[in-house]
Every structure is written in C-alpha cells, then in structure tokens.
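This briefing concerns the strand pairing and helix packing of one model. Please look at the sequence and structure first.

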Amino acid sequence: MIRKIDSFDKYIEFINYVTEDSCFTDPHYMYNSDNLFNALKKKDHAAFVVTDDNRIAGLFVWLIVPENRYIEMITGLSKEERAYFEMLAYLENRYRDYQMDFVFNPKNRALRACLMTKRAEFETEQQRMIWVKDKQVGSNFEIRLFQPKYTEQYLEIHNKETYWTGERVLNAPDRFRVFLALDNNTIIGYLDVTFCYDDNEPYGLFVKEGYENMGVEQSLLSEAIRLNKPQRMTAFVNATDPKAIALFESVGFETLNGQNSVYASYRSGL
C-alpha cells in the first residue's frame, strides 16, 4: 500500500533503521539530512510511504514536474525490492511517459535490481567531492558569464544526451549560471553550475578537443567557485577516472568517503 504523507515525524525510527545500514542509505541524505526533512517545503516535491500489513517497507521523496514530464528520486529509503517495485508502479500508473531519474547508493542492490527490470540506463559510479580551499590556477583564455550573443555557439556544442540540455539550462536562469571559456570570441568550453542553493554543483563541464590540459577546465571551475562564495560547492566525479578526480583536486576539492553514487534513468510506462 502507498500513502502520501505531509510530515516525517512518525517515521524517524524507520529512517534511522535504513540509514544506519551502509548498503541502503541514500547519498543525498548522507550528505545533508535536510534533503529529506526540508523536502516538503520545496516546490513540486512529494513524499510517500510504502506499507505492508501496517509495517513500513519504504519511504520516498520525489520531485515531480508535470510540465517537463520529469520525475527525480530525491530520497529513497528501503531495504526491500518489493517496496521499490510498488513505488515505481504507483508513479508509472499516474505519470506515463515521464523521464525517471535516480541518484542512488551503488551498494543498494535492491533498487538496482528493480531498475534493471525497467531497462534503465546506468552511468558510471560517481565519487562525491567537496570544495574546501582556494588554489591558484591560470589560463590564457577569457572566462566570462554567458551572454545572449553566444547562444548559438553554446547550444551547438552543448551535450544533447542529458536532461539538462543547453536549452533547458538557459531557460532556468534562476537555477544555473553558465560560464564560457573564449578564444578570440569563440567558445572553447563551458560550465553549467547551480547557484541558488546552500550547496551548489556543476552539471556540465566541457572543453573542445585541442584545448584540453591547458588550464581551461580549472579556470572555469575557479571562476564558478569564486562567485559561489560563501555557499558550499560539491561535485560528482567519475569514480574510476583518476584524471577527473585530479582535476577537481587541483582547484581545491577533496573526496567525501562513503558518499559514492550511481545515476540511472528510464522512461516510465514504456
């Protein structure tokens, strides 16, 4: 049985029961428990519990955006495959042909097994990192905030295989800053990064072929860090890519142990 809830007060014991198990805790919750407890204060967020004979089997928070046909799991707490299947069936029956996004604990075999039956696409495990200190970086290229005159260039090179396409990023100026790296007024790289939260993160970092290892990535990140202060900044980096981890370390990030995650996505009801 699925029930929508408007408070977490009755579920603290269950939340502790799941989050004390390193195989089933949620990376968003582990980083900041407010991602769960303050979720119902945010627009388009909804919380549900899954019960079985009056026993709590799962607790979930979702971002549901009908105008974009988009759903994202903000927090998913359960140790049981059945609870994940029931929760997803509930959403699929109500929101057909929505993109469903998940960022979850790579040790959570119950959720992974459920998503595999949905033929979800999985990305590489990510290492969470947090910015802790300034480091000197330099580049011979201009770094500046996005201006409309660069729209065509930006959209042409932007990653198309993502929910946050260039068009969506530009249509969310209250959420994203876009930084551009320029060489003779031509875009050679970009960084999309949130700025409206207490804890912000890069969503897209790209440098054109031929400009790698020239300090462009570091300069983009450093400028974003500078304008983000005094808020925090974290990043998800390919856990099996030492060069990517080294890039973020070079601008002052450190790894957060025990907070790795996996991204998965599928289309509901297909």
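The model is predicted: local features need pLDDT of at least 70, side-chain atom pairs count only at pLDDT 80 or more, and totals for chains, interfaces and linings use all residues. Residues are numbered from 1 along each chain as its sequence is written, and side-chain values use heavy atoms, with hydrogens and water left out.

Helices (H or I, at least four residues) and strands (E, at least two) are DSSP runs, numbered from the N terminus. Two strands pair if DSSP finds at least two bridges between them.

**Open sheet**
- The order β8-β9-β10-β12 describes an open sheet of four strands with antiparallel pairing.
- β8 (142-145) and β12 (202-207) are the edges; each has a single partner strand, so one side of each has no neighbour in the sheet.
- β8 and β9 (residues 176-183) are antiparallel and joined by four bridges, with E142 opposite L182 in β9.
- Helix α8 (residues 216-228) lies across β8, β9, β10 (186-194) and β12, at about 145° to β9.

**Strand β4 and its partners**
- Seven bridges link β4 to antiparallel β3 (residues 55-65), where I64 stands opposite I71.
- Four residues separate β3 and β4 in their hairpin, and R69 there takes a positive phi near 50°.
- β4 also pairs in the parallel sense with β5 (residues 99-104) over three bridges; M100 is the bridge partner of I71 in β5.

Methods. Contact means heavy atoms within 4.5 Å. Axes are lines fitted to C-alpha atoms, for helices over the stretch in contact, and angles run from 0 to 180 degrees between N-to-C directions.
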